[in-house]
Amino acid sequence: MAGRKKPLVVITRKLPDPVETRMRELFDARLNVEDRPMSQAELIAAVREADVLVPTVSDLIDAEVLNAAGENLKLIANFGNGIDKIDIAAATARGITVTNTPGVLTEDTADMTMALILAVPRRLTDGAAILPDGKKWEGWSPTWMLGRRIWGKRLGIVGMGRIGTAVARRAKAFGLSIHYHNRHRVMPALEDELEATYWESLDQMLARMDIISVNCPSTPATYHLLSARRLALMQPGAYLVNTARGDLIDEQAMIKMLEDGKLAGAGLDVYENEPAVNPKLLKLATKGKAVLLPHMGSATLEGRIDMGEKVIINIRAFCDGHRPPDRVIPTRV
């Protein structure tokens with residue numbers, strides 16, 4: 001790598017201090033101490049001189065950026081599992097390896113998913129706002145702040161991978177009946193453990209569930225997987241939870257259904273055009289129709305440090321001439 005003693009590693013956002021310290025020890029690491037998102041021009045400048053680029057899931061590393069890469073850039077070590085904003089085909093065509101950080105955020109994201117599954121039907125954010133906002137509270141009443149019970153309800157999980165399975169385990173402990181749709185049926189032993197029902201047809205599952213949790217990856221094939229047509233199959237009393245990616249759901253169609261009372265509520269940690277959030281969603285949140293979080297499903301210190309350690313392992317393995325353990329295999333070039 002250009003004969004440097006240490007590879008030049010450009011990191012696009014601020015990472016936890018222990019991760020940055022270790023990177024400084026091992027590499028010629030260029031940090032983003034201000035934690036300011038890099039513009040496209042800044043990303044282009046970075047790939048022109050870096051040996052390794054460490055972007056995050058919010059950085060768009062498209063063909064235009066990659067086509068400007070210098071000869072030294074041979075590795076993109078993504079800080080995050082999602083690689084939907086990296087043009088893998090363009091990177092592969094230029095001989096650039098891409099890695100990610102799978103597996104380390106499973107439990108954190110599943111925790112947040114379960115929190116939303118509880119928060120929306122039980123109106124937790126509505127209740128939590130009463131006292132701090134100084135609203136008058138007359139005390140307990142039989143009809144005050146009524147929500148819906150989740151025990152005994154049917155949960156439909158869209159995407160039964162690591163996170164979907166972790167959500168299912170939590171939900172089963174809360175008395176929910178587990179149903180799922182996946183590209184492939186899971187192993188019989190896991191189905192038995194979860195007492196889970198497999199639906200080959202997503203349409204049929206959507207029409208029968210009380211709560212839907214979206215936990216599949218974002219790919220061209222899953223864009224608007226929950227389309228306007230599919231959302232219309234859901235029951236008016238059903239709730240929709242998404243901690244995966246915003247573009248998996250036709251957000252405009254979901255908003256219209258919430259406004260028209262054709263969905264009981266939504267719990268969202270991700271948005272189709274984030275960081276921009278549709279003003280109609282914000283209005284629905286004030287009416288108790290939605291619980292909105294700022295993409296914090298995986299936001300634990302432990303998880304972020306684990307991610308950083310995976311990034312470091314991938315960089316070291318690559319620089320030592322070995323195949324990185326978390327190399328992303330392109331589906332097509």
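## Where α11 meets α12

Glu251, Met254, Ile255, Leu258 and Glu259 of α11 are in contact (heavy atoms within 4.5 Å) with Lys280, Leu281 and Leu284 of α12. By type, the residues of this contact are five nonpolar, no polar and three charged; here Ala, Val, Leu, Ile, Met, Phe, Trp, Tyr, Cys and Pro count as nonpolar, Asp, Glu, Lys and Arg as charged, and the others, Gly among them, as polar.

The axes of α11 (residues 251-259) and α12 (residues 279-286) come within 10 Å and cross at roughly 30°. The two helices are therefore roughly parallel, a label for angles under 35 degrees.

## About the model

This is a predicted model, in which local features need pLDDT of at least 70 and side-chain atom pairs pLDDT 80 or more, while totals for chains, interfaces and linings use all residues. Residues are numbered from 1 along each chain as its sequence is written, and side-chain values use heavy atoms, without hydrogens and water.

Gly164, Thr165, Ala166, Val167, Ala168 and Ala171 are its buried residues, with buried meaning under 20% relative accessible area (1.4 Å probe, protein chains only). They pack against α5, β6, β7, α8 and β9. After α7 comes Gly175, with a positive phi near 85°.

## Asn182 in its loop

Asn182 sits in the loop between β7 and α8. Setting aside neighbours within four places in sequence, Asn182 touches Gly159, Met160, Gly161 and Tyr198. Its C-alpha atom lies 9.2 Å from that of Ser201, 19 residues away along the chain.

Notes
Axes are lines fitted to C-alpha atoms, for helices over the stretch in contact, and angles run from 0 to 180 degrees between N-to-C directions. Helices (H or I, at least four residues) and strands (E, at least two) are DSSP runs, numbered from the N terminus. Angles under 35 degrees count as roughly parallel, over 145 as roughly antiparallel, 65 to 115 as roughly perpendicular and the rest as oblique. Buried means under 20% relative accessible area, exposed over 50%, partly exposed in between (1.4 Å probe, protein chains only).
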